[in-house]
Amino acid sequence: MKYNDVILQTVTKFISFLIFLFAIYIFFNGHQEPGGGFIGGLMTSAALVLLLLAFDMETVRRAMPIDYKTMIAIGLVFGVGTGVGSFFFSTPFLSQTFGYFHFPVLGELELTTTLAFDLGVYLTVVGATMTIIQTIGEDK
Amino acid sequence: MSNWLILPVLIPLIAGIVALFFPKRVTAQRIWAFITSLILIGVNVFLLTYILANGIMTLELGGWEAPFGIVLVGDSLAVLLTTTTSLVTLPIIYFSFSTIGVGREKYYYYSFIQFLIAGVSGAFLTGDIFNLFVCFEVLLLASYALIGHGSTKTQLKESFNYVIVNVVSSAFFVIGVAYLYAVTGTLNMAQLSQRVSEAGAEPIITVIAILFLIVFGLKGALFPLYFWLPGSYSVPPTAIGAIFAALLTKVGIYSIFRTYSIIFNEDTAVTHTILLVLSAVTMIIGVIGAIAYRDVKLILVYNVIVAVGFILFGVASLNSDAFVGAIYYLLHDIVIKAALFLIIGALITAAGTSKLSGMGGIIKHHPLLTWMFFISALALAGVPPLGGFPGKLMLVVGGAEAGHYIVVAVMMIASLLVLFSVIRIFLQGFLGEPKLTHAEQHGSIKAQMPPIVFLVALSVFMGIGAEVMYPFVESAAQTLINPQAYIEAVLGGEA
């Protein structure tokens, strides 16, 4: 007997995008409201795990050819990089700064260097979670 | 300028992260690890001279003022330790090139070593007790990865014990920090010191002090919390065992130094008596193990435990001579344990076994290795011109000043037995009848000699150049005896 996953796969295609969107929303909201890089990253990995459940590992890898170990490294570069920046402005290590910028559609927004740090956290969390799940999931 | 204080943590961190990008290029990994550890030594030596000239250096991370943000404090004790750490890391990394094997090197070996060093340096420099916990976890996570690296059967077995013990002790650490925070309402060590002295000799403070002693005793292998150490330090490859023996227990000891001198200095009768008794028993247990075993790695591992007892005896004596001795011994012990582990690694390569009964006559084919071992054995025991002597002398002087004559006697006897345990390796393993012909001896140890010679030379310098080092150690002991300078440096003049 052959299983037919057509309902699961169709729903996943739709739902995973919603989860991605919500993860990104939570990530950008971290400064003013509950949320931030950690929970945003976990939720992104949740969307990826849902894809892994509905399809197999090869398909997901072909759809998103990402090396998650390198992703951890890039995340760490962002995290440390925001700190290293303070060397060039002779402020204490890990100081943050912010500014107001005008964007075409969104209007005036506050951007801080903390966001770059948070992006580092986000990438590291996604990378680490997905590395763990992929390593355990593969039979080798 | 004050940003320089983060560099002992930042350089290994960046080095480790960059090495993550090219795990399979072993040659590039080696060159990168070597260059960054060289830079680390340069920065540390510069910081050390700068601090001796200008006094305690502080860095408020993110620009937040001291009790509210995390502060890094570079007093001479912390920077002496980061400098010694970096001086020991370089030879161990060099030793890894020829011994650790390409298979291991491809799986992020050098990144883990660098993260370990970042955690160790961070633990030495931090001025915030929760940040100390975080640095402990950074170095412990790296050490979990290293202890099981390569996944041999014995490694997996021992890494399981090691992880369980450390997870439990970390949980106690968090509980201790929570209690301390509930009582004092701060996590900054300088402010903790003030708040605790305002509270005076309250029993709850003593309870917390003992809880911290349990935590750091577990990390630093103090009796009766040393049981995990012999197994987990003897199973990983030599280079990893060397870096563990040189650095990991020392971070626990350093934390006892800090907490017992700066924070818990009000009601010393109870806590320091407990510390005194435990340090004496630790010495005894250590030498019993060192004499009992016929396996060269285990003999050395028990010598690590003896040294923990010696150093903590200095803290328990609580006077400036004893502190000078303890710091000097701590610094020298980092170097000599790394040297001895590397020598034993080379010996095992040459003899093809770690059993003392299976080796003999190594001197015939490896005279340099033999004499290096002989020098470091004498330095470990504390024979006068060599590195172990000044520290032990000051420990004895300080201990006698405090009136702990029995423990001083225990210490002298323990030193003798330590000498006996390593000289037995010398007599039976290096001298004696050759068991293997040159052709039978496994592999060449030529590539392993430069780091060994470097470390032994460093140890000899610490003995002969004691005059050069004394001002640094003296000023380090001053901040421990008189924490007021530390508090003022962190919280500003009004404190």
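Which ring does the charged end of B:K24 sit over? The ring of B:Y107. The charged end of B:K24 is 4.2 Å from the centre of that ring. One caution before I go on: this is a predicted model.

Let's stay with rings. How many aromatic pairs does a search of the whole structure find? It finds 36, over all chains. Take one of them, A:F27 with A:Y122. Their centres are 5.1 Å apart, and 50° separates the planes. That makes the pair tilted. Now look at where the two partners come from. A:F27 is in helix α1 of chain A, residues 6-29. A:Y122 is in helix α5 of chain A, residues 113-137. Buried or exposed? Both A:F27 and A:Y122 are buried.

Compare a second pair, A:F87 and A:F93. Here the ring centres lie 6.3 Å apart. The planes meet at 70°, and over 60 counts as edge-to-face, so that is what we call this pair. What about burial? A:F93 has a relative accessible area of 6%, so A:F93 is buried. A:F87 has 29% relative accessibility, so A:F87 counts as partly exposed. The cut-off for buried is under 20%.

A word on the record for chain A. UniProt, in an unreviewed entry, places a feature at residues 7-131. The entry names it "domain: Na+/H+ antiporter MnhB subunit-related protein". In the model, that span is 70% helix and 10% strand. Its end C-alpha atoms lie 28 Å apart.

Over to chain B. Ring pairs build a cluster there. Its members are B:F130, B:F133, B:F136, B:F173, B:F212, B:F216, B:Y260 and B:F264.

Next, strands. β1 of chain B covers residues 57-60, and four bridges join it to β2(B). The two run antiparallel. In that pairing, B:L59 stands opposite B:L72. Which way do the residues of β2, 71-74, point? B:V71 and B:V73 point one way. B:L72 and B:G74 point the other way. All four residues are buried.

Last stop: B:S459, in helix α18 of chain B, residues 449-464. Why does B:S459 count as buried? Because its relative accessibility is 2%, and the limit is under 20%. What does B:S459 touch, leaving out residues up to four places away in sequence? The list is B:H332, B:V335, B:I336, B:A379 and B:G387.

Methods: Residues are numbered from 1 along each chain as its sequence is written. Chains are lettered from A and ligands numbered from 1 in the order in which they are written. This is a predicted model: local features need pLDDT of at least 70, side-chain atom pairs count only at pLDDT 80 or more; totals for chains, interfaces and linings use all residues. Side-chain values use heavy atoms; hydrogens and water are left out. Buried means under 20% relative accessible area, exposed over 50%, partly exposed in between (1.4 Å probe, protein chains only). Two strands pair if DSSP finds at least two bridges between them. Contact means heavy atoms within 4.5 Å. UniProt positions are given in the numbering used here, feature names are shortened, and annotations may be inferred rather than shown by experiment. Rings of Phe, Tyr and Trp (its six-membered ring) pair if their centres lie within 6.5 Å; planes under 30 degrees apart count as stacked, over 60 as edge-to-face and the rest as tilted. A charge sits over a ring if NZ of Lys or CZ of Arg is within 6 Å of the ring centre and within 35 degrees of the ring normal.
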